[in-house]
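Have your viewer ready, and try each task before reading its solution.

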Amino acid sequence: MKFFVDTADTDAIRELKDLGMVDGVTTNPSLIMKSGRDIKEVTKEICDMIPGPVSAETVATDAEGMIAEGLELKKIADNIAVKVPLTWDGLKACKALTDKGHMVNVTLCFSATQALLAAKAGATFISPFVGRLDDINLDGMDLIADIREIYDNYGFQTQILTASVRSINHVSDAAKIGADVATCPPDVIKKMAQHPLTDKGLDAFLKDWAKTGQSIL
Ligand code: E4P
């Protein structure tokens, strides 16, 4: 499973990248707003740091506008994946941009039929938002499983990019289903390393070690 980091915080990306944990990055208008930085400047910095796909989102609502913004965002770096929303116009923009050979991430996906349309429009990535479905008492992971089944039935190459990840269970469940990518906030990736039995075991080992009076170095 590939890990993308869902943030425009370059310090957080750098820390995870140094550990080999970052295969790509996703941003959106809210994350750019949170960073307080210029979209082109911060996206360029991310693209220079991470060789994998870096999603940058369009904000136009018509296909023509999305295509124009997508082509502008593509000028930032070769590894830009243009992010468009899963609307009818977004699908048109997806088809036009992928036909030109650009990577496209179709975002704000909340149903299997939406995902099917995105695949037919040639999307490189489909982003089903699991956390936002859970928020309204639906099961985001059911959607990941449905999309996996549908894509596998027909051999669609569109990669399932599990988005709106809020917990480590989202990551392990998506991995079990076979989602291609999970895009995670940095704190979720860090939480994946934590286990109370690891802490308890380490504490016991260190106490016993101290009793030996030995030192390794
Ligand atoms: C994905 O590409 C989105 O940027 C993101 O995962 C949305 O997450 P949220 O629902 O926590 O805002």
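A crossing is left-handed if the near helix is turned anticlockwise from the far one by less than a right angle, and right-handed if clockwise. Helices here are DSSP runs (H or I, at least four residues), numbered from the N terminus. The model is predicted, so local features need pLDDT of at least 70 and side-chain atom pairs count only at pLDDT 80 or more, while totals for chains, interfaces and linings use all residues. Residues are numbered from 1 along each chain as its sequence is written, and side-chain values use heavy atoms, with hydrogens and water left out.

**Exercise 1.** Describe how α4 packs on α5.

Step 1: α4 covers residues 63–74 and α5 covers residues 88–99; their axes (lines fitted to C-alpha atoms over the stretch in contact, with angles from 0 to 180 degrees between N-to-C directions) are 8 Å apart at an angle of about 45°.
Step 2: That angle makes α4 oblique to α5; under 35 degrees counts as roughly parallel, over 145 as roughly antiparallel, 65 to 115 as roughly perpendicular and the rest as oblique.
Step 3: α4 and α5 cross in a right-handed sense.
Step 4: In contact (heavy atoms within 4.5 Å) are A63, M66, I67 and L71 of α4 with D89, G90, K92, A93, A96 and L97 of α5.
Step 5: Sorted by class, this α4–α5 contact has 7 nonpolar, 1 polar and 2 charged residues. Ala, Val, Leu, Ile, Met, Phe, Trp, Tyr, Cys and Pro count as nonpolar, Asp, Glu, Lys and Arg as charged, and the others, Gly among them, as polar.

**Exercise 2.** Work out whether α1 and α3 are roughly parallel or oblique to each other.

Step 1: The axes of α1 (residues 10–17) and α3 (residues 39–49) come within 11 Å and cross at roughly 5°.
Step 2: α1 and α3 are therefore roughly parallel.
Step 3: T10, I13, R14 and K17 of α1 meet V42, E45, I46 and M49 of α3.
Step 4: The α1–α3 contact divides into 4 nonpolar, 1 polar and 3 charged residues.

Note on methods
Helix = DSSP H or I, 4+ residues; strand = E, 2+ residues; numbered from the N terminus.
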